[in-house]
Amino acid sequence: PPAHGLFLSDIVAFSDATSGRALGPFAVANVKFTPLAGQAMTIVPGHDLKFFYQVWSPPTDPKSSGDATLEVEYAYGRMGMHDTKTISDKLPLKEFAANGTVVNGKKIATTDMAPGSYRLSVTVSNPATHEKAFSFLNFSIANSSETAPSWDISDPDFGRDVSQGTI
């Protein structure tokens, strides 16, 4: 975590997530997910854009933050098309771990999005300190319902190998 200020990770889009004790690649905060990348960043109309990111701030005791929040703004649209939409949200500081990190995510419906290339911008700001952090994600909405399904490869022995220290 930074000594001061805010830092935002890259935005990670995913197609599926399951909670529970998760080890190995594509697992964050005890959630195993199937990430979207490359051609998979094309979303079928009507399927939600699901993503998460991690926020880092200076380590503090989350219990001492009271009702303080960070402001989160999600802005998305097609470049040059003047169709930007914005969603505002709050992220309670008491949800941060003592080491100054939190994983946050969002699901955005695509039912009203026209086909084309889009850009998502996530801005996290602290109203008390006026500090801001940004991250961006490019994605496309397909002009039909035919795109290749997401897939991944998993090793059933990976969890055992990690716990035994062989990886």
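**A walk through the sheet and its salt bridges**

Let's start with the sheet: 5 strands make up an open sheet with mixed pairing, in the order β5-β11-β10-β7-β8. Its edge strands, each pairing on one side only, are β5 (42-43) and β8 (85-92). Strands here are DSSP runs of E with at least two residues, numbered from the N terminus, and two of them pair if DSSP finds at least two bridges between them.

A word on what you're looking at: this is a predicted model, where local features need pLDDT of at least 70 and side-chain atom pairs count only at pLDDT 80 or more, while totals for chains, interfaces and linings use all residues. Residues are numbered from 1 along each chain as its sequence is written, and side-chain values use heavy atoms, with hydrogens and water left out.

Now look at β7 (residues 69-77) and β10. These two run antiparallel and are joined by 7 bridges. Gly77 stands opposite Arg119 in β10.

Follow β10 (116-126) onward and you reach Pro127, in the loop between β10 and β11 (131-141). Pro127 is partly exposed, at 38% relative accessible area; buried would be under 20%, exposed over 50%, and partly exposed is in between (1.4 Å probe, protein chains only). Leaving aside residues up to four places away in sequence, Pro127 touches Thr69, Leu70 and Glu71, where a contact means heavy atoms within 4.5 Å. Pro127 and Ala68 are 59 residues apart in sequence, with their C-alpha atoms 9.2 Å apart in space.

Side chains of opposite charge can pair when their charged atoms come close. Searching the whole structure turns up 4 salt bridges, each being a side-chain nitrogen of Lys or Arg within 4 Å of a carboxyl oxygen of Asp or Glu.

One of them joins the side chains of Glu71 and Lys90, at 3.7 Å from N to O. Glu71 sits in strand β7 and Lys90 in strand β8, so this pair ties together parts 19 residues apart in sequence. Glu71 is partly exposed at 33% relative accessibility, whereas Lys90 is exposed at 52%.

Another salt bridge links Asp48 and Lys107, at 4.0 Å from N to O. Asp48 lies in the loop between β5 and β6 (49-56) and Lys107 in strand β9 (residues 101-108), so the pair ties together parts that are 59 residues apart in sequence. Asp48 is partly exposed, with 31% relative accessible area, and Lys107 is exposed at 54%.

Arg78 and Asp83 form a salt bridge too, with their closest N and O atoms 2.6 Å apart.

Definitions and conventions:
Helices (H or I, at least four residues) and strands (E, at least two) are DSSP runs, numbered from the N terminus.
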